[in-house]
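Thanks for coming. I will walk through one structure today, starting with its pockets and then going helix by helix.

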Amino acid sequence: MRPVLAVTVLILATLSHLRSLEWNSEERLWASAVRTGPLMPRSHLCLGLAHKDRQDWIAAHEAFARCRDLAVDQHNASLASRCWNNLGSLSLTLGQLDLAEMAYSQSLLLVPGYPDAMANMASVWLERGDTAAAIKGYREVLEMLPWHAQTWTNLSLALAGRDSAGAAAATAKAEKLMAR
């Protein structure tokens, strides 16, 4: 009986070790989740975020696009909106402002008032030089999420050339929130 128990323990220990190797990074964890549940859009979203963190833009785009398609097929507007928002963020990072704006617009069509997409759209406007629209957009987001440090930072940047006191106040608010 002891040899059977020893072999069983050895097999379980080996399987556990193999699983821990697979889960030693976010990317591997979510790649495994996508392999075991290829029709689960949230796994594709998380895999895309892991790729994005590694700055693997192509792999991130593929994962976000797959998430979007699955979420739309499953009538999950909230998740599809997040995927569109992340596709827009990739485009904004790569300087593709038209694609970013289109993606954020799609995100907001699915979930009107989605703060992340609104803040990101304001960043597109700021990149295009429409500072007034950007400031208005950031302020609308901050009405909903007054604790959002990144939006305070972005507002500070938008105000920098127009309202130095307002920019300083926004910077101070962002720094206070980030210190928490």
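Before the first number, a word on terms: a pocket here is an open set of grid points with protein on both sides within 12 Å along at least five of seven lines, and its volume is the space filled by probe spheres set on those points. Please also keep in mind that this is a predicted model.

With that, the largest pocket holds about 350 Å³ of space. Its lining is made of 21 residues, and those closest to the centre are Leu92, Asn120, Ser123, Gln150 and Asn154. Which helices supply at least two residues each to this lining? They are helix 5, residues 77-93, helix 6, residues 97-110, helix 7, residues 115-127, helix 8, residues 131-144, and helix 9. Helix 7 gives the largest share, with 7 residues. By class, the lining of the largest pocket has 10 nonpolar, 9 polar and 2 charged residues.

Ser123 sits in helix 7. Is Ser123 buried or exposed? The relative accessibility of Ser123 is 13%, and the cut-off for buried is under 20%, so Ser123 counts as buried. Leaving aside residues up to four places away in sequence, Ser123 touches Leu92, Tyr138 and Asn154. Leu92 and Asn154 are also among the residues closest to the centre of the largest pocket.

Now the second largest pocket. The volume there is about 160 Å³. It is lined by 13 residues, and the ones closest to its centre are His61, Leu87, Ser91, Gln96 and Leu99. Helix 4, residues 57-73, contributes at least two residues to this lining, and so do helix 5 and helix 6. The classes in the lining of the second largest pocket are 9 nonpolar, 3 polar and 1 charged.

Next, helix 4 itself. Helix 4 has 17 residues, and at 1.5 Å a residue it should span 24 Å; the C-alpha atoms at its ends are 24 Å apart, so the two values agree. If you try the sum yourself, the expected span is 1.5 Å times one less than the number of residues. The buried residues of helix 4 are Ala59, Ala60, Ala63, Phe64, Ala65, Cys67, Arg68, Leu70 and Ala71. Arg68 is one of these buried residues. Helix 3 and helix 5 are included in what covers the buried residues of helix 4.

Gln55 is not a glycine, yet its phi is positive, about 60°. Gln55 is exposed, at 55% relative accessible area. Just after helix 4 comes His75, with a positive phi of about 60°. His75 belongs to the loop between helix 4 and helix 5, and at 74% relative accessible area His75 is exposed.

On to helix 9, residues 149-159. Of its 11 residues, 8 are buried, so helix 9 is largely enclosed by the rest of the structure. The buried ones are Ala149, Thr151, Trp152, Asn154, Leu155, Ser156, Ala158 and Leu159. They pack against helix 7, helix 8 and helix 10. Asn154, which Ser123 touches, is one of the buried residues here.

Where do the buried residues of helix 10 fall, seen down its axis? Gly166, Ala167, Ala170, Ala174 and Leu177 are the buried residues. They fall within an arc of 100°, so they line one face of helix 10. That buried side packs against helix 9. The face turned away from the buried side carries the exposed residues Ser164, Ala165, Glu175, Lys176 and Ala179.

One last item, for a sense of distance. Arg28 is in helix 2, residues 26-36, and is partly exposed, at 45% relative accessibility. Arg28 and Pro115 are 87 residues apart along the chain, and their C-alpha atoms are separated by 30 Å.

Conventions:
Residues are numbered from 1 along each chain as its sequence is written. This is a predicted model: local features need pLDDT of at least 70, side-chain atom pairs count only at pLDDT 80 or more; totals for chains, interfaces and linings use all residues. Side-chain values use heavy atoms; hydrogens and water are left out. Buried means under 20% relative accessible area, exposed over 50%, partly exposed in between (1.4 Å probe, protein chains only). Helices (H or I, at least four residues) and strands (E, at least two) are DSSP runs, numbered from the N terminus. The arc is that of the directions from the helix axis to the C-beta atoms. Contact means heavy atoms within 4.5 Å. On a 1 Å grid over the protein atoms alone, a cavity is a set of points where a 1.4 Å probe fits but cannot get out, and a pocket is an open set with protein on both sides within 12 Å along at least five of seven lines; lining residues have an atom within 4 Å of a point. Ala, Val, Leu, Ile, Met, Phe, Trp, Tyr, Cys and Pro count as nonpolar, Asp, Glu, Lys and Arg as charged, and the others, Gly among them, as polar.
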